[in-house]
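Please keep the sequence and the coordinates in view while reading.

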Amino acid sequence: MQLVRVNGDDGWQIRSAHLPSSPIATGDRVVFMALDEREARVVVLERATGAEVWRGEKQRMDHQRAWQLIVDGPRVYGLYQQGGAIRVDAHSIEDGSLVW
């Protein structure tokens, strides 16, 4: 998964099998959830170059899960639902380390 320049312009194109959530641009980062087959992960890229900064662990995704990304300052929150439970993970936007 990466961002690539489109025709040498300042635009970027994401190469991924599927994006279950909209990309979020914040500061010098672009954050998105990428889905490859039935596994999803959070990916953070440098906004200026499209280089990958970090990617989260793979999470199994099926018809019972709903994914959502929220970016608030230095944190990336990944939310998903499975059955009646909701899980929220908070990661550092800089290096992907788990905050809680």
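A salt bridge is defined here as a side-chain nitrogen of Lys or Arg within 4 Å of a carboxyl oxygen of Asp or Glu. By this criterion the structure holds 4 salt bridges. The model is a predicted one, in which local features need pLDDT of at least 70 and side-chain atom pairs count only at pLDDT 80 or more, while totals for chains, interfaces and linings use all residues. Residues are numbered from 1 along each chain as its sequence is written, and side-chain values use heavy atoms, with hydrogens and water left out.

The pLDDT, the predictor's confidence in each residue on a scale from 0 to 100, averages 77 over the protein chain, and 68% of the residues score at least 70. Helices (H or I, at least four residues) and strands (E, at least two) are DSSP runs numbered from the N terminus. Among these elements, strand S1 (residues 2-5) has the lowest mean pLDDT, 52, whereas strand S6 (residues 52-55) has the highest, 90. Where pLDDT is low, the predicted coordinates should not be read in detail.

Among the salt bridges is that between the side chains of Arg-29 and Glu-94, at 2.9 Å from N to O. Arg-29 belongs to strand S4 and Glu-94 to the segment after strand S10 (85-92), so the pair ties together parts that are 65 residues apart in sequence. On the scale used for accessibility, buried means under 20% relative accessible area, exposed over 50%, and partly exposed in between (1.4 Å probe, protein chains only). Arg-29 is buried at 9%, whereas Glu-94 is partly exposed at 46%.

Glu-52 and Arg-55 also meet through their side chains in a salt bridge, with an N to O distance of 2.7 Å. Glu-52 is partly exposed at 37%, and Arg-55 is partly exposed at 35%. A further salt bridge joins Arg-87 to Asp-89, with the closest N and O atoms 3.0 Å apart. Asp-89, at 15%, is buried. Salt bridges that share partners link Asp-28, Arg-29 and Glu-94 into one network.

The nonpolar interior comes next. A nonpolar core is a set of buried Ala, Val, Leu, Ile, Met, Phe, Trp, Tyr and Cys residues joined through side-chain atoms within 4.5 Å. The largest such core has 13 residues, of which Val-31, Met-33, Val-42, Val-44, Leu-69, Val-76 and Ile-93 touch the most other members. Strands S4 (29-36), S5 (39-46), S8 (65-72) and S9 (75-82) are the elements that give two or more residues to this core.
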